[in-house]
Structure formats: structure tokens, C-alpha cells
Amino acid sequence: MREGSKARVEFFYEFQENTRLPIDKYEEYIVSYLQHKYEGEHFDLVIALGGPALNLLLKHEAVLFTDTPKLFYFFEEPEETLRGVWPHATGVWSRLDVSQTLDVALTLHPETRRVFVINSGAADSDPMREQAQVQLRKYEGKLEFVYLDDLTMDELRGKVAALPKNSLVLYLGFAKDSAGNTYTGPEALSMFAPASSAPVYGVSETYLGAGIVGGSLIDFAAIGRRTGEMGLRILSGAKPADIAPETVPNVAAFDWRELRRWGISEDRLPPGSVVRFKEPSFWDHYRWRIIGVISLCLVESFLIFALLAQRARRSRAEEGLRVSVHRLGERVKELTALHHTARVLQDESKSVPELLQEIVELLPPAWQYPEVTAGRITLGEMEFKTPNFSRSPFTQSAEFQAGGLRGAIEVCYLEERPEADFGPFLVEEKNLIDSLAEMIQTALDRRFTQDQLRASEERFTKAFQASPVPIAIINDSKRTFLEVNESWETAFGYSREETIGRTALELNFLTAEDRDRLRAIGERQNFLRDEEVNVRTKQGELRHVTMSTERFLINGELCNIFLFSDITERKRAEDALRESERRFSDMLTNIEMVAVMADLNGDITFCNDYLLRLTGWQREEAIGRNWYEMFLPEDEKKRVSEILGEAELTGDVTVHMENEIKTRSGARRLMRWTNTPLRRPDGKVIGLAALGDDITERKEAEEQLKTSSRQLRALSESLRKAKEDEGIRIARELHDELGAALTSLKWSLTRLNGAGTEGADTNGDGSTKIEEMVSLIDATINTVRRISSELRPGVLDDLGLIPAIEWHAQQVQANTGIVCRFESQVENVGLSRERATTVFRIFQEAMTNVLRHAGATRVNILVEEEDDEFVLDVSDNGRGITDSEKLGTRSLGLLGMRERAHSVGGRVEIKGTPGKGTTLIVRVPLTS
């Protein structure tokens, strides 16, 4: 796959000890281990080597390498399994061709009468043995088959060494002997085949060279190539469903050394057979040299120069032979190191430090210059090295990781050596150190996993017995109790001896109703989670408990572990609390106040219907949302959040407070709150409960009342002052103008009277005096009229309201230059004297405000009737009155207008637009 891919392909290896330990024994642990190890990692392809590995992946695909394409290879499973998993997964399948191997063996040994089959698998559960038995049925009656199982290695070696004549050995595999020792297939074969008194035939190419003669062998090289080609297709984007599974044909292969041992000629082998490990004869080795020597002897006298050249070529050939022999020796050393390392790593009696120290001693002899070679292995903080190790610039290394610890292998030359492929090191030595690192990583990962498994089992046993929770383990098929802990005995009154081996029905442990309900649940799912049931103790007391279960395998049998929690008292308390909460909830629901509860983050946990009606939200929209974000305006958030912060820090809270909330439409409502902290049983504050009264209208009314009171006080003071000022003005004018005029008249009359007494000529000065007095009386009359008009315009009584308004507008225009446009849509208006006077005074005050404050150049005056009301509209083009001016205590003219209108049942509306002017509208009813 690496050679066929443009990008670098990284491999991760995991091993499944199903040959040493049944996978069901630790399936749960290996799945958890893989989950944690590769959490967050992304893989493009998972390759399952063997049926158990594929079954594990498919069974736990929901949690293990989900959605990752899967490629498999297996031969122990029947072909139906291969067809069953495709198109979900694809791969290659190699047929276990036992019958073809036996046919070849019988052809080479026609006198055979007995066949001894070696396979350490269980007779009733090993797939390889089952397939072999099916294929060997056609020989029944012709051959006698003897299965050599349940033997130690020494016993097996003794058996095969004493086989009767006319026998064959058919070797399927040998993973574990009866003493519990485990072996690889070639390793076991190499231990008994040399002692066998009959030829041994096998089914796997890996057995070739370890002691079998040969057979129809599974071709792992071809399988690897085809698996790699399929993997490259998937990495390039193909899906498993697009690639049909394939069967890789076996290869007919034989060991030349074993053929010689048993006197079998190569000519008798099937056509196309491959013969390996063939040792060349002396002629094959030195054929050309012999021919050269003979040729040299024939032409020695004639070709001296050719002889010298031939001798030179022979010297070079000998040098090449020495190099080849040297390289062969190096490969033997490397293979020896790999073999010994594998044997060391399989020794479970030694600790990890002992294993690594033993392996580090194997490093120097495996390198080209062992006399100057030193080695070191590190794992985490541990270090293992040869006695002569020291740092050197001539070093090569390979890193690995095992059990969560980083490690490395280092090999160095203590002296400089000739340049090779990688500095002074050969490419084969680089491959060797990488292989050693991979072997150590794999073996230590397996060792650490097994140690964790044993430790986990010990912890489980201790936790099971020490747990305060009642626990029971029940056989799934028999329904009998397998184990209970002390808490279970204490809780339910049954001793362990009374419980083990009996069913819950025999103990009358569950009520019939709960038993039927649990049986129905069990048919739908394989577990229970906090299922509430009623159980009966040995004393007959009915207790309410929660029960949780989980299924797992014990010695290949499906079992359930039950965990119980007695909630009888809690249930009673919950029922009482639920009733109390119901009454409390009913009270909060029906109260005409806001009721709300929130945690310390401000998230709402409860609210009543009144809050929802007030704000316009639905309950499902409010519960769980944040109170600050949903209901508080921005300017209120900080102050209110400090209340919860105070409750969390001090355990106390501000009991009464006021703040605004916002409704769904954005309107603001003022609330008065009564707050209470919510506490846990230990007294820690966990939230806040609050009752809120909507005081928006009340507050507005209070503010309006306060404003009105301030304005009325100001108006009263203004009216008092205006009355005093008006009296002073009238008195001053009466004194200054009328007093002066009357005094002048008095003196004129006195002088006129004196002149008459004395008999003076009155025709001259007297007539002049009389004319002056008449003029003075006319001026006095005009002054009296002006003062009277200011107190009450005569035009209002003489002509009526509408002409009086028009007259006053003309007076303002004539005196100020402000253009006054008057328009009336009615000729006569039916207003009482009091109402007409009120409207006119309001108009006068409005014009006065225009002069004082508006800065206007034009005033439009409109008089009309609308809905039985007299309407006076005065609009200017001035600066425009502001809202604060309309409500301020200094706007006494506006307040006076409103009070005048209110006194006759009318109203005044004032609107202002900044920069565009002010409009005043007076509405007075036409009828009483």
C-alpha cells in the first residue's frame, strides 16, 4: 500500500488475543481501550485480519471506528460469513484446502492408512477444525483419522515420534497446549516436526520451512498484495460496496529439505508446484569455474594472457562471494535477533524491565560491527543499556509508544566505521531497528492491556463486595442468582447461601405486576436504567427500589448484573413534596402577581401564568431562558444581577426592590419585588424566588399627581402674584393717569370758579379752560376704556367670540409685525358667556406665548365646529415646544390654559415639532 500510494500511508496495529483468551472474556475492556486510545483520531481504513477481529468491529461499530470503511481477510470463517458481511464490508477470503493437501499427500504416500490431525482448538467450537472435518468426510472408510488434542508439547512430541507405519501428520495449527503454554503455529511445528516419524503436511505457507513437507497452502504473500490493492482503491475514494469480495487461490508449495528427508522426488509433485529452500549442488555452485579451469588447461600454452585475465576475474568473483557470505551472515544475525526478541517478549514470567534489559543485550550481536556496538532502550523514565553504552555521533534510533509511555531503541558505534546506506549503517539494520521497535510496542501494549484487565477484575471484585449499593449477578438463561454482595444481604434480609442458585420467583422477590413488566422490557432491550419496581424482603416488607442492569459474559455464559437503590423513604418524601408543590403551584398560578424562580445564572426554572399574560410570552419560550436577557432592559441588567451575586456570596438577598421589565413587544413595566433566596438542605443558596407586583399605572398616577401638585402650587403662586401685580398696575394707572386728569380738572374748575366770583371776563380764558377740560375728560374716558378693555374686552360682549378673536389677532399683527392669518368655518357660535370668555383668554395667552417664546413670523388661526365641540386651532412656525417645557413647573401659561379649559369641561392639546413650530388646539363643548 505504501508503494502504490503517492501520499505516505501510516499504519496502527492492534492485536486481539482470541487464541490465548476467549474474546468474550475481555471484549468489553478491549472496546473501551480502543475507544480511549483513538478518541479524536480519524482513520481512512480499518483492516480486520481474521473473523474474530471483523466480528468485534461490526458488533461495536456504533462506538468503534464508526463510518470508517472496513476491509477484511479471513480463512477460518465459512464462505457464507464472507457473503453475509458484503456490501457493508469487503475483503479477501482464503479457502482452507485440507482435502487438496491430503490428496497431494496421498499421491506421494499411497500406502497411508492413518492420518493424525494436530490442532489445539476445542473440538466443538474451533472453526478451522469444523471445516477440516467437513472436508475429510469423503475419506471416511478409507482412512483412519486420529485427532491429537489436549496434550502438552512434550506429550505431543512423544506421540509424533512413535507414530505407526503408513501414517501421515496433517498439521492445522497449535496455539495452546493443555498446560496453558501458548505458541505461534510455526514455533510449535518446529518443536515437534523434527522428531516426527511420519511426514507432516500443512495448510499455511507460514509453516513452510518449519517442518512440513508442503501441501495446498494459503498464500499470504498473494493475500497481502490483493488486500493492499483493495485498500488503495478504498483510499482513492471507492466504497466497500463497490468492491466484491474475492477468493485468493492457494499455492502448491513444498520444502526441498523435507522432500529429501522423506525420499520424495520432485518429479512426483503436482504440475506448477513451487519448491523452496533448495540447496544448490557443487556443480550448480562451481559449474562455470570448472568449465573455466578445463578451458584454461586446454589453451594454457596458447592463452597466457587469457589465463591471467581469467585469474583476475576469479579473484573478483571470490571477493564478491566473500561479500555475499558476509551479507548472508548479517541477515542471519538480524533474523536471530528478531527471533530471540520474539521469544523474550512472549515470556510472561518476567517483568517489563527484565524483558527490555534482556532485549538490549541482543542488540550488539545483530549489527555489522558488534565489537564496537552499544545499545540502549528507554521507556518513559526507565533506561536499559549495555555496559559499554555511551553517546556517539554514529547512532541510529527508532521510537515507539506503549502503555501511554514514549520509548526508543538506540544503537551506536563507539568508533567510526565505513560509510554505508545510512551513515555507517546498512539499510537492513534500519529495517531491523524499526522492526524491533514495532515488536516491542505491540508486545508491551498487549502486556499492559492484560495487566489492566487483571487489575480491573481485582478492582471489580473489591468494589462489588465493598459497594454500599445492593448488587446481584444473575444467569440470563437460568434466571438464577450467581452472586450477591453484603449490601444486598443487608437490604433484603436474604443471606448469600439462601440466595445463590435460586431464582427471584422462588424467593418471591418481585411482585407479579413488576415481573411481567420487566419481562416485556427485556424483550425490547438488553438493559434497564433506574427502573422503579417493588420488591419484597425476606420479612415480607414491600420496598420501593430503582433497578439498573447490564449484560456481560462470564465464562462464556450471558449474565446480568443488577444494581438496586432503596428509594422507599425518598418516594414517600417525594409524594409529600409533590403534593406540597402542587398546592404551592396552584397558589402561584392563581395569584394576581408575577411569580418567578431562577438559578444563580439567572436561568428561569418556574414562572406563573400572570407573568406570561403580562409579557406576552409562552411558557415553553420562557422556561430555561435567561431572565436578564429575556425580561430586563439593558439599563436594569447590572443592578439586578448584583442581587443574585449578593445571594451567592453572602447567602442573603435584598428583600424589597423595584425595577423595570420588558414585554415581548418591548414595552416596559415597573415591578415591585419581594425576593427570597432558594437554598439546598445544607443552606447553600442555589437560586432566587420572587413575587412581583405591577405598579406601572400606580407609579405613573403618582408621578402625574406629584407633577400636577407641583404645577398647581406654581400656578396658585403665579395667580396670586399676577393678581397683586394687576392690582398694582391698575392702581398705578388710576393714580398716574386718572388721578392726574381729575386733579387737573379740579384745578381748572377751581380757577374757573374763582374767575367767576371776581367778575372776570370768562369769554376769553373761560372758554379756553372749558375746551382744555373737555379734552382732558376725553383722554380720561379713553384711559378708562383701555383699562376696562384690558380687564374685559368690550368687543367680546359687543360683537361675540369670533370677531373678538379676529380683532385681537389684528391687534397683535399691527403691534408686532407677526403675520396672523385668521379663518373661521362658522359664523356664530353657541357658547355661554363663561365659555366664550374662557376661550378668548386662552387665545390671548397663546398669542402671548408666541410673542415671548416661539420666535415665529407667522401664526395661523382656525375656528370650526367638530362633534358638538367648538375648536380653536392656533399654529405657528416657530422653534417648537419641547416635552419637558410642556410638563415643567415654569410653563404656567400652559397650565393656566389647561385649568381654564378644564373649568368649563373643555381640554387643551399642545403639540410641538422642533424647528417647525407649535400647535395649540382648544376644544370646548357647545352644550352644557
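This is a predicted model: local features need pLDDT of at least 70, side-chain atom pairs count only at pLDDT 80 or more; totals for chains, interfaces and linings use all residues.
N119 is buried, because its relative accessible area is 6%, and buried here means under 20%, with exposed being over 50% and partly exposed in between, for a 1.4 Å probe and protein chains only. The residue belongs to strand β4, which covers residues 114–119. Strands are DSSP runs of E with at least two residues, helices are runs of H or I with at least four, and both are numbered from the N terminus.

Residues are numbered from 1 along each chain as its sequence is written, and side-chain values use heavy atoms, with hydrogens and water left out.

Which residues does N119 contact, its neighbours within four places in sequence left aside? They are D126, R129, L148, D149, L172 and G173, where contact means heavy atoms within 4.5 Å.

Let me turn to a pair of helices. The axes of α6 (residues 153–161) and α7 (residues 185–192) come within 9 Å and cross at roughly 55°. Axes are lines fitted to C-alpha atoms, for helices over the stretch in contact, and angles run from 0 to 180 degrees between N-to-C directions. The two helices are therefore oblique to each other; angles under 35 degrees count as roughly parallel, over 145 as roughly antiparallel, 65 to 115 as roughly perpendicular, and the rest as oblique. On the α6 side, M153, L156, R157 and V160 make the contact, and on the α7 side A188, M191 and F192 do. These residues comprise 6 nonpolar, no polar and 1 charged. Ala, Val, Leu, Ile, Met, Phe, Trp, Tyr, Cys and Pro count as nonpolar, Asp, Glu, Lys and Arg as charged, and the others, Gly among them, as polar.

A second pair is formed by α26 (residues 801–816) and α27 (residues 833–854), whose axes lie 10 Å apart at an angle of about 20°. That angle makes α26 roughly parallel to α27. Their contact divides into 11 nonpolar, 3 polar and no charged residues.

Finally, I come to L632, located in the loop between α21 (627–631) and α22 (634–650). Is L632 buried or exposed? At 0% relative accessibility, L632 counts as buried. Residues up to four places away in sequence not counted, L632 touches W627, K637, V640, N659, E660, I661 and K662. Between the C-alpha atoms of L632 and R668, 36 residues apart along the chain, the separation is 9.0 Å.
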